[in-house]
Structure formats: C-alpha cells, structure tokens
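I am opening my notebook on this entry. I want the surfaces, the confidence and a few strands looked up in turn.

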Amino acid sequence: MQLFKLSIVRHISWPKEDKNWIILLARIILFSYYLFATSTFGGSHLLTPQFSPVTPNVKLTFPHDLGAHPDFRIEWWYVTGWLETPDKKPLGFQITFFRVATAINQANPSRFAPKQLIIAHAALSDPSIGKLLQDQKSAREGFGLAHSKEGNTDIKLNDWQMVRDNSGHYQTVIKAHDFTFRLSLISSEPPMLQGDNGFSRKGPQPEQASYYYSEPHLKVTGTIIHHGKPITVVGTAWLDHEWSTEYLDPNAEGWDWVGVNLDNGSSLVAFRIRGKNDNEVWTYAALRDASGYIKQFKPDQIQFEPKRTWRSPRTDVTYPVSMRIQTGSTEWLVTPLQDDQELDSRQSVGAVYWEGAVTVTCDGKPAGRGYLEMTGYMKPLRL
Amino acid sequence: MKSGTLSHWLLLSEWKTHLKQAAVTIIAITLGVALGFAIQLINKTAFNEFSAAAKSLSGQSDMQVLGTQATFSELIYPVLAQHNDVELASPVLELDVTVPGIVDKRKKATLKILGLDIFRAAIISPDLIGIPAQNRQFDTLADDAIFLSPAAMKWLSVKQGDFLQLHVGTQTVKLRIAGGLVRTRAGQRIGVMDIGAAQWRFQLIGKLSRVHLKLKQGVNHKTFKMMLTNDLGKQYHVIEDVDQDTRVANMSRAYRVNLNMLALVALFTGAFLVFSTQALSVVRRRNQFALLRALGLTRMQLLGQILLEGILFGIIGSLLGLVLGYVIAVTVLGIWGGDLGGGFFPSVQPRVHFDIFMATIFFILGLSVTLLGSAAPAWEAANAHPALAFKSGNEEAALMKLANPWPALACLVLGGLLTQLPPIINLPVFGYLAVMLLLIGGIALMPRFSVLIFSAISFVVTRHTSYTVLTLALSRLANTPSQAAVALGGILVSFSLVVAMTIMVTSFRVSVDDWLRHILPADLYVRTAASADVRGLTPDEVKLLSATSGISRADFFRSSKLMLDPTRPSVTLIARPIDMTDPSNTLAMTDDVIMPFLLPKDVIPIWVSEAMVDLYGYTLGKRVKLPIGTSPTSYVVAGVWRDYSRQFGAIQMRLIDYRTLTNDQKVNDVALWLQPGVETAQVITSLKNLPFGNALQFSKPSQIRALSLNIFDRSFVITYLLEAIAIIIGLMGVAASFSAQTLARVKEFGMLRHIGVTRRQILSILTVEGSLLTGLGIILGFTLGWCISLILVFIVNPQSFHWTMQLSLPWKGLLAVAMVLLISATLTALISGRHAVLGKAIHAVGKDW
C-alpha cells in the first residue's frame, strides 16, 4: 500500500511572500484528507452517484483488474524502485498515477465535464544531488489527452503515460521538468494479493478498505535523461495498484509504509496507520517467499520503531528515516539511500512527506532494497 | 558690475514691478501644461490598465488561436494540445452575459465570464483561479459554481455563497458564487467557472472562444505562427500578445489622440499669451533696453536677458503645470475612474503613476512654447537701434516688424494644402497640422486686418461724427495695429476653437439624431438578454412572438461578431430583412450604393459601414470573401451606409442569405410595427405574457434615441471643459495685454488729460477699444473657427472615427458665446486699464523724457 496526499490544485503558484499561503495550504491539506476520508464532495448533490463499496470476498481477475475501476472513488498505480547506472551508481525512482472520480458534473453533456481526474507524480532520488527531483501533473479525463482505461493498465496524462501489454510488459514515459524516464517493467511472478485475497483493510470499520495487489520484483530496463544526458539503466521495481471508495479512518494522522524486494526472491510489505494520539489505528505486514507462499502477520506481531531521525532544514519536520520493523521473530533494519528524500511541495501540492529509496538488512546482513513512505509528520497547522 | 548680478537685478526689478503680468504668463503656461499632462496621464493610465486587464486574461501564453466568429468547435483543441511544438494548450470559453436587474449608466450590464480548464489555466493564467470555501475544494470543478472578482462582487452586491441569476437567451441560469479569484486587477469585473460547466450552462456544448498556447522552449514563434495559420485555414487566427496589444490599442487610439490634440490646443493658446505679454513688456521697456545697450550691454547679452525671462517663466509655469496636472489626474481618476466620457475604458480603476517620460515631454513642451512666445519680441528688442529706441512713441515701429504678411499667408495656404493629404496610420495628423497652421496664419494676419478694418471704420466715422471717444479709440486702433493684434491673439485663438468645436459637435449631434430617426423606423424594439453570440430566440419562439395580436409587421435581426483582422477589434455582422427594391429604405445609406437590379446574380450582396471602407478597403462594388458559414462564398459590396455606433466596422446582409449560409436559425433582436390604434403598452403586456416573456427587453425608439444622445453628450463633456479653459486663457490674454498696454500708454493718457480729456472719457476710450478689438476678434475668430470646423467635420472625424456627417451651424449658441466673450473682454480691458488713469496727469506726462 502506498498513500499519498494529493490535490487537484497543483501548479497554483501563489507568491512566496504571500502570507495567505498558510491558509491555502491548510485548505489543500484538508482537501487531501477529504479525498481519502469521506465520500461526500462539494458540487451538485442532486446527481451524486453511488460509488461502489469495497467488500470482502470479491475475486480479483487479471488482466481486467490491472485496468481502471471508474466506479470506485479513488485508484492509484504506484511504481517505486532502484536503478543502476552504467557506472554502478544507485538511483531511486517513483512514478504514480492517480484516478479520482469527482462525483460532480454527472449530468453535464460537455466533453470537458470533469467526471474523472488523472493526477500523476514522479520523483528521482540521486544521492549526488542530495535531494529529490520531482514533478507532477493533473488533468481531467477526455479528448484523448488524459485517460485511465479499463481492462488493462493504460493510463495517459498529456505526455506522461504507462501502458501494459498482454505479455505483462509495462512501458512508461515520463517527461518531467528536470528529468525524463523511459522505462520498461517486466513482471516475472503473479501479482501478490494483499490482505484477504486483495481485500485490504485500513481501519477498524469494515468499509475502511481497498482492493490491493502488488507486483514485486519487476525487472526494469530503459533510459533516463538526467542533466540533459540519456543514461541507460537497469533495476528492480515494485508496483502497487489500489482502488477504494472510503479509505482512511477519521482519526488517522499519517502512515508509514515499506515495500521491499528481498535479495532471496521474497517480497516484504508492511504498513501502520498512526492515530492522532500516538496510537496505531491499523497495522499490516506480509512476506511472500520465492515459491509464492504468503505469510501474513497479526497486528501484535508487527512493530515499527524509529532508529534514527532526520530533521528537514527546509520544513523543520523530523522524520524517522531509519526504522526497525519487526515481523514475527524477524527484525528488519531500514536505512535510506539518502536522508533528504523529503517531498516539500507546499507551493504546488501542498503536502510535505518523505518518500525514499531504502536498503534493508535482516539480522545485520544485507537483505534487499525497497521504498519507505512516511506521511503526516508535519504537525497540523494552527491558524 | 558682473553680468550675472546685472541679469539677476534686472529680472527681479522687472518682476517686482510687474508681478501681475508675470503671474498671468505663468498661470497660462501652468494651465496649458497641466491640462495636457492630466489628460495624457489619465488616458495613458486608463489605457494601460485596460490593456493589462485584457492581458491578464491571456496570462503567460505565447499565442492564442481565435476563430473568425465568436466561437468555434472544440475539436481543434486536442489537435493543438498535442502539437509537437506546443508545451501547453489552455481552452477558454469567454462570454459576456447579461445580469438582470443591474442598470449601468452607460451601456448594457454584462459580466464577462471565462470558462477555464483549471488544470491548464493554472499554469497559463494562475491569477484567474477560483478560491473555494475551505471544505468545498471541488467547487473549482463544480457545474453550478462561479468565482467572481472582488470588483464583480461589489458591482453585483453579492458575496460568497449567494446565488447569481443570469440570462442566456430566453432562459435563466442560476449559479452559486463559490468564492473569489486569486488575483484580478482593481475594477476588473469577471467571473470564472469550469469550462465544462460554462459550455453546459450557457448552451455552448462543443464550443470554445479561444485556445491559449504556451510553446516549447526553442520553438521559433514566427515560424510556428506562420505554419499553424496555414494549417488551420481561414476560419482561425493565430495571434501573439503583440497583436492583442495592437487590437486593444486600436480600440481607443483615435479617441485618445483626439483628446490629446485638444489638450495641446490649450497649451498652444497659452503660447500666444506668452507672446503677447512678452511682446508688450519688451515694448514697454524699450527705453530701458536702449539705455542698457548704450551702457555697453551687447546685443547677445540683451537677447539672452529677455530669453532668460521667458525660460524662467517656462520653467516655473511648466513645473507648476506638471504638479497641477498630476493632482488633476489623481482627482479625476479617484472620482470618476479612468473613463473620460468616451466609454472606452469602462469599470477600469487605475492608479496614477507619475510618468517621468511624459512629464519630461510636457515640461519641454511648456518650456518651448514659452521660448517660442518670447523669441520674436526678444529678437526685436535686441536688434532695435538704441538711438531710435530712446525716442518715445516708436513702439509701434518695433512691433511692425512682426507684421510681415507673407509667412502668415504661406501658413494659410500650406494649411489648406495639408487638408488634402490622407491620414497617417489612421490618424488625421495632417488635419491637425492644418488646424494649427490656420490658427498661426490667422493670428499673424491680424495686424493687417486691423489696419484695414479700423482705418476704414475710422475714415467713415470721422466723416460723420465728431464723437471724441470713438474717434480717438479708432485712430488708436488703426494706427497701432500690432499692439491690437497682440491683444487679440488670445481671443482669436480661443474663440475660433470654441466655434470650431461647437460646429463640429453640433454637426455630429444633428447627424446622429437624423441617423437614429432613420434606423429606428419601427414602433417597438425587442431584444433578448445579451450574451455575445449565444443569446437568441429559437424559431418556435419567433413564431409565438410574431403571432402576438396587435403586431402588423415584425423584422428579425441576427447579429454576431466577425474577426477579420486579429490586430483590429471584431466587426459586427448584422443579418436582417433588407428592402431589395431600395436598400436605403432600410439602411442609412451614403451616396455609395448599387441598385439591387444592377447587382451580379452569382454573389451575395452585403452592405458595409463607412468604417469597413476605410479599415478593410471594402469599396463599393468590390468582391470580398467573408468567413461566414462553412463553405467559402463570394460577396459583393452593394452599398455603404452610415454608422455612428460601431466605429470598428459593421456589415449587413439579408437574413435569408445568412440562414442559408450558416443554418443558424436564431435571432437576437426584433423590430415591431403595430397595427393602427394599438397601444405600445398593450403589446408589451401581451409579449411579457409569453412563456419566455421575462427574458425580453423592450425599448421604444424614443428611449433608444434619448439614451444614445445622452451617451453622445457625455462623451463630449470633456471637450466643453477644454473649450472653457481655452476661453479663460484667452481672457487672461486680453487682461494681460490691456494692462501692459495701458501702462505703456500712461504718458499718452497723461497728454490726453492735459488737453482736456476727462478721466471718464479715457476709460470710455479703453472700453470702446476693448469692445471694438474683441468684436473684430470674434468676427475673425468665427471665420477662422468655421474653416477649422470644416477640417474637423470633413477630415479629422472621418479619418479617425470613419464616419461622415453633415455640417450644421448652431447660430444661437455661438451668438451667446460671442456676446459673453465681448462683454467679459471689454470689462477685462476696462478693469486692466483703470489704474493707468488713476495717477496725476502731470506725473504721467513727466514720463516723457
């Protein structure tokens, strides 16, 4: 699972000296919560459609479920991974596409009616730069300029796209402001269904859930253009695909998530949703071995413990960038590729969080590489 | 004595003794500069603001794609968005929508509404993004929400959360005011909503007004523009910001330039005043200068000394003028906004910035005008022979040198010739030059005229009467023509300007009035709530309307906008029934018309306004192509009609032709003729009872006329103000020259007193002189003004506004102004001369040494 605060009002560049930005930011954060936490939006209520609820015991079918599910309110395809340049330097990368159903304009016959929005986000983590390079886009579906199709993964947002062919190859092109990705991802194993056969709970209420599968150990080949130069890269990635209508518990404040491609062919995923009173609203962890056997851990078998913190010089937010995660009797130590993998997007997205490449050791020995995501560490603003 | 000290001392002593005249000169310059600077500042600020507001709508785009008609199919948008050279394409649907219940003093109350795709507009025009309420972020995409600029909210007296009712054709749209806009310009009245919602709510599904383009880095704009223009074809225009600037500038340029010219005229009048006071002051000080020369002051030093006086007047007057002008501009903009009455800058609330460049120009203008005014007298004084100048009574000889008639005649002839030249960049530059030359020539000829006329009168009068006062006054005027001319300068200039402007405005008003009568033949006019090209009655509604009882005839009109040239404002296309037996029954034709039976059969006739001929070269009989409908069709210009309301051009065609071409069956306006004996009110009541009756607006021809003439009068208020100021400066000229003259004539009066003329009689002489001079000034001013009015009516107006008019002379008004001027100038002369005769006679004669 990967969660991410997003906003439709990207790119609004209010002036830096404008004191009102705090208010705007607060609004946008609120909006982001709205997007995840509730199912009622503004707009015309007369024609608010009923989104499909997420219910247990629904069998996921492939390739159909690789495509979009427009009847659900929100959906994302989230690719994270490690790349290696010809001179053996490691890079982290992240590509995310969101689909959001707006619940408004249902009766509007205009081709511009914003019934579905497509939002995308990409980041490149290069330790030689010392921080993340990132870019985002958003659009309404339509005119062949932006879409997320049903039946198989086929998402387009202007000149950003990700398409999966029938043989299981993903092709993705991201032309970001500071870099370009042209990557090909090949899955070598069947999707890893999270939770109860893909029904993944996020909170104490049964409807606080999503359909969730992962594709770990994706083989990555391709080119990235960085500093104006094309670089051939190879690597390993992790794809999460989730769709839901009601997601978070209202008491949730943030979450920590990690997904790791282990060197022995196993795949580890673990997350916890943190409550507002330092409590844990929900925890989950699963380990699939190379043979395909999945072991899921009970909440009391899972522990997240910060080992080292890093304070962002830009936002003064402190993140536990190194974490000890215990699943059953196994202890994992998560160490970042670089400390500063903070996405400070207050001028655009309006959210500050940490999303970065990490190495994982098990009992002191190198075990694998993956991505760690930490949200909700920036304290709520008081106005 | 050092020359600097001498110069200082001479200046101070002169100013101390003749403070009033110095003050008058400075005030004249101050007023002239202030007026010119203020008008320039106001116009420039208003224009800049208007232009910036227009520009803010296009944001940071590199280019725009527009249709020749107001809207075009949205299918072009994805093509543009995916063009290889295009970084981002932002579609826009722009509408001017009628707001019911809002009455604007000037014109129809419409709100500009932009339908935007927030995801794209946020990059190109981030200032136009709506700020929703805290918990309603999706309002920016909602299909029932609108975001209003602060000025729009104030204008409509609404706030966030209120509902706004708008008329679209015969239907009403209710929108929720979801919030304000991030940043709009002060006074800018706009609303923003989602483009999908705008298409739906305003019944323009599938339509766009324009697409803003941001090009990729390194793309050559010129090449791209050329190629895209080529690819898109004649139905589209690809324009850059520059073109848009030009279009906005073209909208108001003629108005602004003409106003500035008028303001300069005030400054010009000031120059004559400087001339007259300086000339007389030089004459008065002839003895003084002769003494200085005899004491060793060189010719150049003397010239420099007199010019220095002028320069100081110029500097002080101009500086004061700049300050006053700035204060006037700030006050006017603060109280009335940027619109000076022309209606070009509605709802603009600009802030004045002290424009250093313009200030410098006006400072230089003020200074040079002063220098120009004092140059001739200074030159004469410097060149006078000291020995001769010592002698008393040769003042006239001194000024006579200025009275060479040939340069004046040359000015008049040249002025006449210039009237024959065409405009430069659509501005009547030569027309204004001709006006100036006529004024200069007319004034320069004054001495000759006054000699001729006053000698003649004097000759006749002395034969028939022996009335001392009259004979003395006449002989004085006949024998000192130059001094008379100097006094007359101001009167002549100001009165001729008043005459010219009054004749022009009257001619214009009478023509507009006649025209309104001609174009409003019906008994009642009905229109649907206006909103660009979307408004309209459907064929079913038309049928219902026509069937209303009491109506004998109904003419339906369809009007829309056509953009033929992206650097000019759109022209208006009006489709209506046109009487083919004689089109001048329908249209206010000029003489340029082809009778319908002579028209070729293979083309569609169109009738164009005079502006079309000037701006687009649509001359009578010309075959043209117009972007109407889908298939290219040939049209022939079958006639030229007079149009005083659409300065940027209008085309009329038959409704039946328009419908065949476009398949657009809607109409916007209806002209109704009633059956005999039917009351208008009765018909209005039954029309209001139609299902769509609430959306109809009714006007009687008398109301339209009254409104139009009211707008007309408002737009000329500023010119009346300028005339008044010109007259004040003219009167100041009379005051200055008479007080200077009478001072110079102290010894003459002393002598007269000695030989038995009473003080009262001297005052009478002054009165008679004053009234005779003013009378002559008025007669000549009228002649000159009439000539100038011909230039204004037949050259300046057609060249700047592209309409012709008939000449009408407002005798009564002019006579009244003449009488007021005569009385006030005579009184001024009397008052200024009064203190010259207060002294003792013996003392006065003593001056003659």
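I began with the surface of chain A. I am working from a predicted model, so every value here is computed from predicted coordinates.

Next I looked up the make-up of chain A. I find 1 helix and 23 strands. The chain has 383 residues, and 59% of them count as buried. I also checked the contacts with a separation of 6 or more. In chain A, 59% of these join residues 24 or more positions apart.

**Confidence in chain A**

I looked up pLDDT before going into detail. The chain A average is 83, and 84% of the residues score at least 70. Which elements of chain A have the lowest and the highest mean pLDDT? Helix α1 (residues 21-37) of chain A is lowest, with a mean of 37. Strand β9 (residues 179-186) of chain A is highest, at 96.

I then checked the start of the chain. Over residues 1-48 of chain A, pLDDT stays under 50. The model still has 147 contacts beyond four places in sequence for this stretch. I note a caution: where pLDDT is low, predicted coordinates should not be read in detail.

I moved on to strand β4 (residues 131-140) of chain A. It is mostly covered, with 8 of its 10 residues buried. Its partner is strand β3 (residues 116-126) of chain A. The two run antiparallel and are joined by 10 bridges. I located one facing pair: A:D126 stands opposite A:K131.

How many residues lie between β3(A) and β4(A) in the hairpin? I find 4. A:G130 sits in this turn and has a positive phi of about 90°.

**Chain B overall**

Buried residues make up 58% of its 849 residues. For contacts with a separation of 6 or more, residues 24 or more positions apart account for 82% in chain B. The chain exposes about 35,200 Å², and carbon and sulfur atoms supply 63% of this.

**Strand β19 of chain B**

I picked strand β19 (residues 634-641) of chain B. Why is it largely enclosed by the rest of the structure? I count on burial here: 7 of its 8 residues are buried, so the strand is largely enclosed.

I traced its pairings one by one.

- Strand β16 (residues 589-593) of chain B pairs with β19(B) in the antiparallel sense over 2 bridges. B:M589 stands opposite B:W641 there.
- Strand β17 (residues 604-609) of chain B pairs with β19(B) in the parallel sense over 6 bridges. Here B:P605 stands opposite B:V636.
- Strand β18 (residues 623-625) of chain B runs antiparallel to β19(B), with 3 bridges joining them. I see B:V624 opposite B:Y635.

**A nonpolar patch on chain B**

Which residues make the nonpolar patch of about 400 Å²? They are B:M819, B:I823, B:L827 and B:I831. I looked up B:I823 in particular. It is found in helix α26 (residues 811-834) of chain B. Its relative accessibility is 48%, so B:I823 counts as partly exposed. The cut-off for exposed is over 50%.

Methods: Residues are numbered from 1 along each chain as its sequence is written. Chains are lettered from A and ligands numbered from 1 in the order in which they are written. This is a predicted model: local features need pLDDT of at least 70, side-chain atom pairs count only at pLDDT 80 or more; totals for chains, interfaces and linings use all residues. Side-chain values use heavy atoms; hydrogens and water are left out. Buried means under 20% relative accessible area, exposed over 50%, partly exposed in between (1.4 Å probe, protein chains only). Two strands pair if DSSP finds at least two bridges between them. Contact means heavy atoms within 4.5 Å. Patches are made of residues with over 30% relative accessible area and no salt bridge: like charges are joined within 9 Å, nonpolar side chains (Val, Leu, Ile, Met, Phe, Trp, Tyr) within 5 Å. Accessible areas come from the Shrake-Rupley method with a 1.4 Å probe; for residues, only the protein chains shown count as cover. A salt bridge is a side-chain nitrogen of Lys or Arg within 4 Å of a carboxyl oxygen of Asp or Glu. pLDDT is the predictor's confidence in each residue, from 0 to 100.
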